[in-house]
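Colleague: Could we go through this structure together? I would like to begin with the helix packing.

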Amino acid sequence: MKTLDQIRAGYAWKRVTSPKPDEKYRNLAKSLPAMVMTNGLMQTLAFLEGKGKGEHKRLMEDILAWLADPAVAILKDQDFEKAMSFMTSHMDSQEYQRATEEALAALKWIRYLAQTVGD
């Protein structure tokens, strides 16, 4: 049986190997955990959606897909608008904290592994 951290690592590995991340993605992945801790998960997701560029969109999709993954099953949908609506309307503070912790845990692996497979 795999640990949740092994599952996170496997998820991150899949996300960063197909396609391989460019330098902009790797740099954003390095700074994103601090942004989540400083500003909050929803604010960070809104920032990424607002930028709408390749690396921003890709990292937002990476986070939302993990939160919707059956391994954690925090979100029902990985669409930005549906995810934001769910977080603002249906999550209590403990569930939101869990979502934030899972996003940070996945980003840790994405950050580490993205550095190893760069272009």
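**Helix contacts and loops**

Modeller: This is a predicted model. In it, Leu-41, Leu-45, Phe-47, Leu-48, Glu-49 and Lys-51 of α3 meet His-56, Lys-57, Leu-59, Met-60, Ile-63, Leu-64 and Leu-67 of α4. By class, this contact has nine nonpolar, one polar and three charged residues.

Colleague: At what angle do the axes of α3 and α4 cross?

Modeller: The axes of α3 (residues 41-51) and α4 (residues 54-68) cross at roughly 140 degrees and come within 8 Å. That makes α3 oblique to α4.

Colleague: And is the crossing left-handed or right-handed?

Modeller: The crossing of α3 and α4 is left-handed.

Colleague: Moving on to α5, which of its residues are buried?

Modeller: In α5 (residues 80-89), the buried residues are Phe-80, Ala-83, Met-84, Phe-86 and Met-87. Viewed down the helix axis they fall within an arc of 160 degrees, so they line one face of α5. Glu-81, Lys-82, Thr-88 and Ser-89 are exposed on the other side.

Colleague: What do the buried residues of α5 pack against?

Modeller: They pack against α3, α4 and α6 (93-116).

Colleague: Now the loops. Which peptide bond is cis?

Modeller: The bond from Ser-18 to Pro-19 is cis, with omega near -10 degrees. Pro-19 sits in the loop between α1 (4-17) and α2 (23-39). Most peptide bonds are trans.

Colleague: What about the phi of Ala-73?

Modeller: Ala-73 is not a glycine, yet its phi is positive, at about 45 degrees. Most residues other than glycine have a negative phi. Ala-73 lies in the loop between α4 and α5.

Colleague: Is Ala-73 buried or exposed?

Modeller: Ala-73 is exposed, with a relative accessible area of 52%.

Terms used
Residues are numbered from 1 along each chain as its sequence is written. This is a predicted model: local features need pLDDT of at least 70, side-chain atom pairs count only at pLDDT 80 or more; totals for chains, interfaces and linings use all residues. Side-chain values use heavy atoms; hydrogens and water are left out. Axes are lines fitted to C-alpha atoms, for helices over the stretch in contact, and angles run from 0 to 180 degrees between N-to-C directions. Helices (H or I, at least four residues) and strands (E, at least two) are DSSP runs, numbered from the N terminus. Angles under 35 degrees count as roughly parallel, over 145 as roughly antiparallel, 65 to 115 as roughly perpendicular and the rest as oblique. A crossing is left-handed if the near helix is turned anticlockwise from the far one by less than a right angle, and right-handed if clockwise. Contact means heavy atoms within 4.5 Å. Ala, Val, Leu, Ile, Met, Phe, Trp, Tyr, Cys and Pro count as nonpolar, Asp, Glu, Lys and Arg as charged, and the others, Gly among them, as polar. Buried means under 20% relative accessible area, exposed over 50%, partly exposed in between (1.4 Å probe, protein chains only). The arc is that of the directions from the helix axis to the C-beta atoms.
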